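Colleague: I would like to learn how to read a structure like this one. Could you walk me through some features, step by step?

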Amino acid sequence: MIAIPSIPGFLTAPNGPIGKPVSRVDGRKKVTGNAHYAAEFTLPDLAHGYIVSSAITRGRITRIDTAAALALPGVIHVFTHENRPSLAWFDRKWKDDDAPKGAPFRPLYDAEIHHALQPVALVIAESFELARYAARLVHIEYEAAPHQTDLRANRANSFTPGKDKGGFQPPPKPRGNPEQAFLESPVQVDAEFTQAAEYHNPMEMHATTVLHHDDGTLTVHDKTQGAQNCHTYVCNVFGLAKSAVRVMSPFVGGAFGSGLRPQHQLFMAMLAATQLKRSIRVELSRPQMFSFGHRPETIQRVALGADRDGTLRALIHEAVQESSRNENYVEIVVNWSGQQYKCDNVRLDYKLTRLDVHTPLDQRAPGAATGVPALEIAMDELACKLGMDPLELRLKNYAETDPNTGNPFSSKELRGCFQQGAERFGWAKRSPAPRSMRDGRELIGWGMAAGVWDAMQGQAAAKAVLGVDGKLVVSSATADIGTGTYTVMTQIAADVLGLPIDDVTFCLGDSSLPTAPIEGGSWTVSTVGSAVKAVCDRVRSQLVTLARKLDDSPLTGVAEEDVLFADGHLIVRDDRSRRLSITDAMRGSGTLSIEEEARALPYLLARARHTFATHSAVFVEVRVDEDLGTIRVSRVVSAIAAGRIINPKTARSQIQGAVVWGIGMGLEEEAFTDHRLGRVMNHDYAEYHVPVNADVPEIDVLFVDEHDDMVNALGAKGVGEIGIVGVPAAIANAIHHATGVRVRDFPITLDKVLAGLR
Amino acid sequence: MRSFTYARAASAADAVGRAGASGTAFVAGGTNLLDLMKADVLRPEGLVDISRLPLDRIEETAEGGLRLGALARNADTAYDERVQTRYPMLSKAILAGASAQLRNMATNGGNLLQRTRCYYFYDTATPCNKREPGSGCGAIGGVNRIHAILGASDRCIAVHPSDLCVALAALDAVVQVTGPDGERSIPFADFHRLPGDRPEIDTVLRPGDLVTAIDLPAKGFAEHSTYLKIRDRASYAFALVSVAAGLELDGGTVRDARLALGGVAHKPWRDPEAEAALVGKPATPDRFRAAARVLLRDAKGHEHNSFKIELAERAIVRALTEAAERKGAPRP
């Protein structure tokens, strides 16, 4: 395998599938129940594991009595720290591709309890129900130690982290003299913002089924966003040969970042399978989904100073977030504020506070979904003080180049998002004063906000096998967490080779496939899509070479770049009567199949000199009951600039889903921690609220044309995160416009509005 | 879950006979009990399945009211035409609760007996006097956004989660019970109890008692009534505050009034003094507010739920206003 950059110059068919609203290629499997998830695989001798969660938040286990559990017929074994086998000793063996700096949590490693619901034992039994029952008979005595889980109470103990996680950039150094410029600004906003901790809560709970084969090899069906990440992890932790384990994750029932790191159910299932030499399934309960990774609670301060004409003079954005004692989970919260608006005097500050919690974990638009709303509410407040339209204020301070680096953007159509979104929403008809629009007892508010997210790219490889029957199979070890990866990769491959969608199969979610990174950060289309294009380009070159060698070839003397691929044919661009089918080209040359593998890299030179980002403008209408404070989002327009949209149907679904979550962030989602117990108390779907259908209005998504030659060979940036980023702020701003009540504390539940309505 | 014995009752008398043993529970729709068993919160040693008993009918009573069978499903009750036209607040209350799927399974009798949704009741690693008497109340001084502002004790501040029961309380329903000592009728106001020193006991039912029916009196306040539920999302959430309101108007004057609140106490909350404060008075927001203040005179908030006091006042005013404005009995 050699690394080659993709060649954007190759022609794709004018009517190819890229850019078409192709329905999900895996849709039929999903709606007919033929898409199998991690907990659905089985073998006849499958045993079931149930995890016992710690009853305390910090301290140590002084005694474990498993006798009552083991006495039940059908209970096979109880694993604890006392009887676990020897495991990897060095921290680096426990690291994974998304691990921040620090010592990864090791399940069942010792008697120490570091956080609430920490897994402390694993009961294996012949049935799930029995394992669950037996888990309750495991008697554990603890010696509790004092814990700290309250961010506000501990924020004085915060520290400035370094570049402690892949993809994380510490804030840039201050520019200008922000404190003085703020003091001298005639118009000022200075406010504190809080964001509650949120849990990913995908519909599918984390589960692992390890199938133990007769030859001792293991097939591991895991809920993950990175089969290879988990493969490396289990091989390292359990000292297994790479060839002895295969991790599969063809379908994932939502993840949102929760599957970026190997989770403890994987460890548990592997522990039991390797020790008992049996097939094992371990599935977390819904409350146990609150036992690992979450969007960290955050306290922020944003201070803006402006001239009376709206020119930003000073921008200060500070954030403090929680992390665990063992790892420095970091995310980019404040840097966006230096990038989003033109301002000469900027100070950005980001700190962590260690608490007795499990390590937080990337959750959809990590950092941006927390930091950008604070900035965007502050901008709205500034607009109010200036008596200026909030959209106009943003245009006034529009950053044509990246103020953090001075570099140009590879492309930035945020202005188009503002204009087209505003037009679709009818923003011009907004009456500027708060409480000036109503419908009966409902106060109506219109709010808007901008959003931004990185357009990242990693390295990935892909393999393509084209058969003489014209069927193409492309594979890469990436994931589809419901986002549409299967469909989009199929489109890219079909497009490059001019094949019907139905003749292309894309395989993913298998550690044995060509290397791909964890699926997150909106980088999969860019990263894996580029590899798919690269490998299909190589197949294409092979086909042209084969075709040219044929006797009486219609392609004789035609340069490769003058060959079109469409309808399963190679076609001369300037004389479309000169054509040859792919199957004829292969048959004629005696070729049974063409196999290629290729790796795609980001355009590193271009990346060093430009900023790559997606942008959005979100417009929201809310209706607030003037007496009761109940809030309803009644209309959303989300305008997105994300380069070329490979599939407007799946992309629209991504944005709509993100807006739904944005409504949740804005109005509903909050993990309530009882700080005396150090424990999240609303750990189920009944009391941890996410939006239900009745909360979600029609969501109008529009994609703004954005041409980008530099981002990658596809010109596509990825849309997984950008849809959520501006939504909570737009809702908060709309609530202020409706009611005159400014809430800076997410989620904005009715009590917070009611307090201002008195 | 823990092992338990299972028996299917052949008749109401059989059910009562089988349920005499301690640790035995009736099961019908199972929408709450089975969840709590899986969560290890409830640990019955035996279940007596009453779901096949012929108690699922909705029938006219001699007094001109309706008898709701204990085993009639919530959905069948809510969509019963007689309920919709004669007791619209009841229909509305049922449809404000749970989800369509749950309402299809859940029975009326079971709804009366559903347990609180207090976080601490559900989490067996935390103290809860209702789940484990004497272990303490986690919610007091803990996370208590959804908890009681009325009638609580220093042992328990949990609330009853039902919507249906709030309307039944407002309608002066009567619970029909058969038990080891024969049959008896329990006025709805007396059916649920306040936590006091025994928060583990939700109702006045005695061991072996089986709810067979709920009787609605003839008076349904069909012309001027409503059920207002305020919650943290538009559906599938328990009430922060809910109000069942019924008015009998003579011109602009209140001749009779019913007011019951959900989400605020260990039982659906009624206050005769608040209702008396409405009678004979004009049906105006000011009067409604005055009545609300009577009802809430002893309300006491905790760290996270004090907003409910103000919210309840506003909700009462809104519900009574809507009830007063409403003409006829719109189908929900």
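Colleague: Let's start where the chains meet. How many salt bridges are there between chain B and chain A?

Modeller: Here is the general idea: side chains of opposite charge can pair when their charged atoms come close. Between chain B and chain A the count is six salt bridges. Keep in mind that this is a predicted model. One pair to look up is B:Arg318 with A:Asp627, whose side chains meet in a salt bridge at 2.8 Å, N to O.

Colleague: And what area do chain B and chain A bury between them?

Modeller: The size of an interface is often given as the accessible area lost when the parts come together. For chain B and chain A that is about 3200 Å², with 57% of it on carbon and sulfur atoms. On the chain B side, the residues that lose the most area to chain A are B:Arg233, B:Arg314 and B:Arg318, together 21% of what that side buries. As for residues in the contact, chain B gives 39 and chain A gives 36.

Colleague: How many salt bridges does the structure hold over all chains?

Modeller: Over all chains, the structure holds 79 salt bridges. Take A:Asp98 and A:Lys165, whose side chains meet at 2.9 Å, N to O. A:Asp98 lies in the loop between helix 3 (91–94) and strand 4 (101–102) of chain A, and A:Lys165 in the loop between helix 5 (151–154) and helix 6 (178–184) of chain A, so the pair ties together parts that are 67 residues apart in sequence.

Colleague: Now helices. At what angle do helix 13 and helix 14 of chain A pack?

Modeller: Helix 13 (residues 485–497) and helix 14 (residues 524–549) of chain A pack at about 30°, and their axes are 9 Å apart. Angles under 35 degrees count as roughly parallel, and therefore helix 13 and helix 14 of chain A are roughly parallel to each other. The crossing of these two helices is right-handed. Residues making the contact include A:Val488 and A:Ile492 of helix 13 of chain A, and A:Val528 and A:Val532 of helix 14 of chain A. By class, this contact of helix 13 with helix 14 of chain A has twelve nonpolar, three polar and three charged residues.

Colleague: How do helix 17 and helix 19 of chain A lie to each other, parallel or oblique?

Modeller: Helix 17 (residues 648–667) and helix 19 (residues 727–739) of chain A pack at about 55°, with axes 8 Å apart. That makes helix 17 of chain A oblique to helix 19 of chain A. Among the contact residues are A:Val659 and A:Gly662 of helix 17 of chain A, and A:Pro728 and A:Ile731 of helix 19 of chain A. In this contact of helix 17 with helix 19 of chain A, eight residues are nonpolar, two are polar and none is charged.

Colleague: What about helix 12 and helix 13 of chain B?

Modeller: In chain B, helix 12 (residues 285–295) and helix 13 (residues 307–325) pack at about 135°, with their axes 9 Å apart. They are therefore oblique to each other, and their crossing is right-handed.

Colleague: Last topic: the backbone. Which peptide bond is cis, and which residue has a positive phi although it is not a glycine?

Modeller: Most residues other than glycine have a negative phi, and most peptide bonds are trans. In this model, the peptide bond from A:Phe746 to A:Pro747 is cis, with omega near 0°. You will find A:Pro747 in the loop between strand 31 (745–746) and helix 20 (750–757) of chain A. A:Leu117 has a positive phi of about 60°, and its place is in the loop between strand 5 (112–113) and strand 6 (119–125) of chain A.

Conventions: Residues numbered from 1 in each chain as written. Chains lettered and ligands numbered in written order. Predicted model: local features only at pLDDT ≥ 70, side-chain atom pairs only at ≥ 80, totals over all residues. Heavy atoms only, no water. Axes fitted to C-alpha atoms, helices over the stretch in contact; angles between N-to-C directions. Helix = DSSP H or I, 4+ residues; strand = E, 2+ residues; numbered from the N terminus. Parallel < 35°, antiparallel > 145°, perpendicular 65-115°, else oblique. Left-handed = near helix turned anticlockwise from the far one by under 90°. Contact = heavy atoms within 4.5 Å. Nonpolar A, V, L, I, M, F, W, Y, C, P; charged D, E, K, R; others polar. Buried area = accessible area lost by both parts, 1.4 Å probe. Salt bridge = Lys/Arg side-chain N within 4 Å of Asp/Glu carboxyl O.
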